[in-house]
Amino acid sequence: MTMSTDHRSTVSRQQSEVLYPNSFPVDVWLVFLRELRPVLRDPMSVVFGLLQPLIFVGLFMPLLSSFSGGELDLHWFVPGVLVMVSLFATASTGSNLQFDMHTGAHERTLVLPLRRGPLLIGRALKEMVPLTVQACVLVAITMPFGFLPHPVGALVGLVILAVFGVGFGALSYALALAVKNQDWMFWTIQQAVLFPLMILSGMLLPLEQGPGWMSVVAGFNPLSYIVDAERALFAGQFGPEALRGAAAAVVVVLIGLFVGTRTMRKA
Amino acid sequence: MSMKVIEAERLTKTFASGSKEVQAVRGLDVRVDPGELVAFLGPNGAGKSTSLRLLATLLEPSGGAAHVAGHDIRTDPAAVRGRIGYVGQLNSAGHNQRVRDEIIMQGRFYGLAKDAAGRRADSLLESLELGGVATQVVSSLSGGQRRRLDIAMGLVHAPSLLFLDEPSTGLDPQSRANLWRHIHRLRDEYDTTVFMTTHYLDEADAFAERVMVMDHGRVIADDTPSGLKADLIGERVVLEFDSHAEAELALPHLRDHVPAGALQDLDRRGNTVELPVHSASRRLPEIVLVLAQAGVTAHSTETKRPTLDDVFFALTGRTLREAGVATTTEPSGEEEAA
């Protein structure tokens, strides 16, 4: 392939698209595939990721149930834990990228003739696979104990979780790129964001019984809409809660991919 | 368009370090022809890696311009990336990927079809002696195997220009010899241009056809290893006499053998006289004979070929060893700051 560079020297970076060997979707697909392979080869690692949520279901849920006089049961609690699964699984995924930044594997991808966007999008899309598997296993484990999800509602709920996970994973990658090699900074910021997001979503405890300001703050937390939507959908209610949750997930994925690809372009 | 593979003019890179600005590269001018094997030599922090990363589009230059493989690194970095191979100082492969899968995936990133990438991976696995670990996970490989995998990943698309950033650091002598065999085979079979940085003086001396010495962000010398040594130092004859007096007596007879303009290098230290001489070993018998005819007897003689360390000393007044460069290929474990 020979081409004259004379007329190209004045065109901007964006217009040199034709010089990439693969199309945009193929770039995304290849990055996705590469990221997914270690997961497929070692599926047990995904299941082990369920340990923490299972501890919440096994030890926290009975307490909650007693305190609420049995009102808050598996049907209230499990959808919240599913959101927790997608939150925790994707929030730490930036550390995988940080590891690649340490080893040199990330730099390697930057000298490939790949668009920067797919480098991020492919990675973020992969996040929905382990998270969906974890969610399904968790539902399967809780069903013998009396959790009865509405099949269609559960399916829609899983899709919303996957969309949210892609967006939140993208933000985690963006954080890893932004803090560069400072691992401690990644974990500090990640924890500082993660726990307030979790508590202020009503995921583990109902916020209605808390002080008023908490409900106000929760109104700005996209996660609270997703938690409400999951509870509604797993109970088979396709009302405004479900719609608001879906909208929140879409907002998160758009922000995540926008911020993520921007950060990757600057890397 | 010129036929140069690399053409850089006044390329600069300035990093902000706190409130200070660090000029890592201060005006790099490089021209490299197709098929050349160029070694970039210099102490830690001289700007070698930064220069390589600029040319490989991993960093954006602060000033200047460069065309690499026919494309502008500023306006067409993607086109440059598709045409070069780059093996960085660190490892390229994902630690939890399998060796063969990783090479195939690299090929597909460069636009090869799945089966073509597979065939290419198999031939690279064979030629880089990685066949035995093809299905292993990268994290289980030894250091030498990982380095060869890095090279395989850099070669998967058969680039006409290969950048290598300290490819042999941390390799044992046998792996290092293998690596050089592969690099030379690449040159012979595909006429690949190789542009590399190295930590090791003896390596640059033995294998590179052209050495660029870098110091404080500038190229301070650029020639063949033998050219650098001949121009800057030249070969030397060392004569040892029985006494100071005899050594002093010999001096006037030696002047004629010293090249014009190098008389100040004719040097007596105690019983020993050292003088620069072109083709020293060929001229030595004649020198001994002339001295004998004048009644001065040297009781031992030696010819000295300069090393690249002598070259660096002549250029900067510092030895490379002081400047933190390994003068032998013993692993030093030192890393150059990017």
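Biologist: What distance separates the centres of domain 1 and domain 2 of chain B?

Modeller: Please note at the outset that this is a predicted model. In chain B, the domain assignment gives domain 1 as residues 6-229 and domain 2 as residues 234-305. Taken over C-alpha atoms, the centres of these two domains of chain B are separated by 44 Å.

Biologist: How should I read the interface, and what is the area buried between chain B and chain A?

Modeller: The size of an interface is often given as the accessible area lost when the parts come together. Here the area buried between chain B and chain A is about 3,400 Å², and carbon and sulfur atoms give 53% of that area. On the side of chain B, the residues that lose the most area to chain A are B:Arg81, B:Met105 and B:Phe109, which together account for 20% of what that side buries. In terms of contacts, 39 residues of chain B meet 36 residues of chain A.

Biologist: How many salt bridges are counted between chain B and chain A?

Modeller: The count is two salt bridges. One of them pairs A:Glu107 with B:Arg53, with the closest N and O atoms 2.1 Å apart. Across the interface of chain B and chain A there are also 14 residue pairs in polar contact. On the side of chain B that touches chain A, the elements giving two or more residues are helix 2 (77-83), helix 3 and helix 5 of chain B.

Biologist: Is helix 5 of chain B mostly covered or uncovered?

Modeller: Helix 5 of chain B is mostly covered, since 10 of its 13 residues are buried. Among them are B:Gly144, B:Arg147, B:Asp150 and B:Leu155. What covers these buried residues includes helix 6 of chain A, as well as helix 3 (99-109), helix 4 (114-127) and strand 7 (161-165) of chain B.

Biologist: Which residues of chain B other than glycine have a positive phi?

Modeller: Two cases may be given. B:Arg10 has a phi near 45° and is placed in strand 1 (residues 6-17) of chain B. B:Ala69 has a positive phi of about 50° and lies in the loop between strand 4 (63-68) and strand 5 (71-72) of chain B.

Biologist: Why does B:Arg10 count as exposed, and why is A:Arg115 said to be buried?

Modeller: The relative accessible area decides: exposed means over 50%, and buried means under 20%. B:Arg10 therefore counts as exposed, at 54% relative accessibility. A:Arg115 is buried because its relative accessible area is 8%. A:Arg115 lies in the loop between helix 6 (105-110) and helix 7 (116-126) of chain A, and a polar contact of 2.6 Å joins its side chain to that of A:Asp27.

Key: Residues are numbered from 1 along each chain as its sequence is written. Chains are lettered from A and ligands numbered from 1 in the order in which they are written. This is a predicted model: local features need pLDDT of at least 70, side-chain atom pairs count only at pLDDT 80 or more; totals for chains, interfaces and linings use all residues. Side-chain values use heavy atoms; hydrogens and water are left out. Helices (H or I, at least four residues) and strands (E, at least two) are DSSP runs, numbered from the N terminus. Buried means under 20% relative accessible area, exposed over 50%, partly exposed in between (1.4 Å probe, protein chains only). A polar contact is a pair of N or O atoms within 3.5 Å; within protein, one must be able to donate a hydrogen and the other to accept it, and residues adjacent in sequence count only if both atoms are side-chain atoms. Contact means heavy atoms within 4.5 Å. Domain bounds come from an automatic or database domain assignment. Buried area is the accessible area (1.4 Å probe) that two parts lose on being put together, summed over both. A salt bridge is a side-chain nitrogen of Lys or Arg within 4 Å of a carboxyl oxygen of Asp or Glu.
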